[in-house]
Amino acid sequence: MTDLLKALKPIKTKKDYKQALALLEKHFDAKPGTREGNLVFILSVLIEKYEEQRFPIEAPDPVEAIKFRMEQLQLTNKDIAEILGSKSRASEVLNRKRPLTVDMIRALHHALGVPAESLIGAS
């Protein structure tokens, strides 16, 4: 456990990151609420912060977000056409020939559960 206590410092380098991951793996089964469990939790927060800074996850492309959700729900272009109002409109959106409008974003968000943030900015 003393190795955990020594490891609680900002993670600034790739070496620090790898050491923190190894230590987290070593103590992963620590019981929550114990001193060791609390130290593991703090270490995981430090690792998460480093990962957010070094490996940011970009927002998905809006059309890719729609296609991904279609695949998850096993939907067809016809299903999207019903949501967007016409077959040609759905085809144009999915082929990136028509940008999403606010009304389309709302409809897709409500019908598919795709976060509106993922749909904003489609071209």
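I began with Tyr 17, which is buried at a relative accessible area of 13%. I use buried for under 20% relative accessible area, exposed for over 50% and partly exposed for in between, with a 1.4 Å probe and protein chains only. The model is predicted, so I note that local features need pLDDT of at least 70, that side-chain atom pairs count only at pLDDT 80 or more, and that totals for chains, interfaces and linings use all residues. Residues are numbered from 1 along each chain as its sequence is written, and side-chain values use heavy atoms, with hydrogens and water left out.

**Aromatic pairs**

I looked up the ring pairs and found three aromatic pairs. Rings of Phe, Tyr and Trp (its six-membered ring) pair if their centres lie within 6.5 Å; planes under 30 degrees apart count as stacked, over 60 as edge-to-face and the rest as tilted. Tyr 17 and Tyr 50 are stacked, because their ring centres are 4.8 Å apart and their planes are at 25°. Tyr 17 is in helix 2 and Tyr 50 in helix 3, so this pair ties together parts 33 residues apart in sequence. Both Tyr 17 and Tyr 50 are buried.

I then took Tyr 17 with Phe 55, a tilted pair with 5.9 Å centre to centre and 55° between the planes. Phe 55 lies in the loop between helix 3 and helix 4, so its pairing with Tyr 17 of helix 2 ties together parts that are 38 residues apart in sequence. Phe 55 is partly exposed at 47% relative accessibility. I record Tyr 17, Tyr 50 and Phe 55 as a cluster linked by ring pairs.

**Helix 2 against helix 3**

I next looked up how helix 2 (residues 14-26) and helix 3 (residues 35-54) pack: the angle is about 145° and the axes are 10 Å apart. Helices here are DSSP runs (H or I, at least four residues), numbered from the N terminus. Axes are lines fitted to C-alpha atoms over the stretch in contact, and angles run from 0 to 180 degrees between N-to-C directions. Helix 2 passes helix 3 in a left-handed crossing (the near helix is turned anticlockwise from the far one by less than a right angle).

Contact means heavy atoms within 4.5 Å. On helix 2 the contact residues are Lys 14, Tyr 17, Ala 20, Leu 21, Leu 23 and Leu 24, and on helix 3 they are Val 40, Leu 43, Ser 44, Ile 47, Tyr 50 and Glu 51. I sorted the contact residues into nine nonpolar, one polar and two charged.

**Salt bridges**

I counted five salt bridges, each a side-chain nitrogen of Lys or Arg within 4 Å of a carboxyl oxygen of Asp or Glu. Asp 16 and Lys 9 meet at 3.8 Å, N to O. Asp 16 is buried at 16% relative accessible area, and Lys 9 is partly exposed at 40%.

Glu 64 and Arg 96 form a salt bridge with the closest N and O atoms 2.9 Å apart. Glu 64 lies in helix 4 (residues 62-73) and Arg 96 in the loop between helix 6 (87-94) and helix 7 (102-112), so the pair ties together parts 32 residues apart in sequence. Glu 64 is partly exposed at 41% relative accessibility, and Arg 96 is partly exposed at 37%.

In helix 7 I found Arg 106 and Asp 103, three residues apart, about one turn of the helix. The closest N and O atoms of their salt bridge are 3.5 Å apart. Asp 103 is exposed at 57% relative accessibility.

Key. Helix = DSSP H or I, 4+ residues; strand = E, 2+ residues; numbered from the N terminus. Nonpolar A, V, L, I, M, F, W, Y, C, P; charged D, E, K, R; others polar.
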